[in-house]
Amino acid sequence: MLLPRRLWLLLAPVLTLLASCAPPVSSSRGSTEFTPPSAVAPPDPGVAPPMVELLAPGGPPIPPSARPQRQLAGWAESMADELNIPRAALQAYGYAQQAIEAKSPTCGLSWSLLAGIGAVESSHGRFGGARLDETGRPSKPIIGLPLDGSSGVKRIPDTDDGEFDGDTVWDRAVGPLQFIPSTWRAWAIDADGDGVRDPQDIDDAALAAGNYLCSVGGDLNDPERFWAALLTYNKSRSYGQEVLDYADYYGKASRALGVEG
């Protein structure tokens, strides 16, 4: 989030200690860092991604080179640098929007909302110096603080025997969108067809987060339902406002670039 604007969002936030899907991030932003303008729900949905062929459920695993999110490479390329969102992350957010539109057309989930969550949770998979590769996986696992009940942290004893977070005593939020293991088990999905449901894979995490929000909110175009969904994802109003601000900024900025869907 440092100037020039192509570096606006290169931040390393302390991971939010979420109340539901993940534990809350205390912000480490300084006065020289970019802060998006305050927004009102719902956020600007941004330039819609072009239509893609969605992955058929139940098929055999496909290689990373056939990752369906790559169909949005041109769309992501047209705005990734200006928004400072990794290309693989933009592809994941755009594909998740289309996948959810196909089965829940009244939900109103936008890629910009998923991008807002990704910005606050892990700087789109860049927390702690990590980088997303072209398949949407961080160069090192993104794992949050132990949820041990200490100040400002929810108390959640281990539920996954360390399978996802490597901790057999306490649960920790995992992946670019910071799911706690129990929530991931409930919403896990293989969004890129590689045969694995992986919370560290931003393709899988983005679609799982979208499904979760739509299940709770129903119609995210309605401000009250939007907030109901976001506050179920994380009970912190300040967290929700930060997500909303980023989501609206991304949506409006994409339109200002003149990108075509």
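This is a predicted model: local features need pLDDT of at least 70, side-chain atom pairs count only at pLDDT 80 or more; totals for chains, interfaces and linings use all residues.
Residues are numbered from 1 along each chain as its sequence is written. Local features need pLDDT of at least 70, side-chain atom pairs count only at pLDDT 80 or more, totals for chains, interfaces and linings use all residues, and side-chain values use heavy atoms, with hydrogens and water left out.

**Exercise 1.** Determine how H3 and H4 are oriented to each other.

Step 1. Helices (H or I, at least four residues) and strands (E, at least two) are DSSP runs, numbered from the N terminus. H3 covers residues 87-103 and H4 covers residues 111-122.

Step 2. Their axes come within 8 Å and cross at roughly 135°. Axes are lines fitted to C-alpha atoms, for helices over the stretch in contact, and angles run from 0 to 180 degrees between N-to-C directions.

Step 3. Angles under 35 degrees count as roughly parallel, over 145 as roughly antiparallel, 65 to 115 as roughly perpendicular and the rest as oblique. H3 and H4 are therefore oblique to each other.

Step 4. Contact (heavy atoms within 4.5 Å) involves Leu 90, Tyr 93, Gly 94, Ala 96 and Gln 97 of H3, and Trp 111, Leu 114, Ala 115 and Gly 118 of H4.

Step 5. Ala, Val, Leu, Ile, Met, Phe, Trp, Tyr, Cys and Pro count as nonpolar, Asp, Glu, Lys and Arg as charged, and the others, Gly among them, as polar. The H3-H4 contact has six nonpolar, three polar and no charged residues.

**Exercise 2.** Classify the packing of H3 against H6.

Step 1. The axes of H3 and H6 lie 8 Å apart, at an angle of about 40°.

Step 2. This angle makes H3 oblique to H6.

Step 3. Residues in contact include Ala 92, Tyr 93 and Ala 96 of H3, and Ala 206, Leu 207 and Gly 210 of H6.

Step 4. The contact of H3 with H6 divides into 11 nonpolar, two polar and two charged residues.

**Exercise 3.** State which helices each supply at least two residues of the lining of the largest pocket.

Step 1. The lining has 19 residues, with Leu 55, Ala 56, Pro 57, Ile 189 and Asp 190 nearest the centre of the pocket. A pocket is an open set of points on a 1 Å grid over the protein atoms alone, where a 1.4 Å probe fits, with protein on both sides within 12 Å along at least five of seven lines; lining residues have an atom within 4 Å of a point.

Step 2. The helices are H3 and H6 (202-217). H3 gives the largest share, three residues.

Step 3. By class, the lining has 12 nonpolar, five polar and two charged residues.

**Exercise 4.** Locate the cis peptide bond and the positive phi of Asn 84.

Step 1. The bond from Ala 41 to Pro 42 is cis, with omega near -5°. Pro 42 sits in the loop between strand S2 (24-25) and helix H1 (73-77).

Step 2. Asn 84, with phi near 55°, is in the loop between helix H2 (80-83) and H3.
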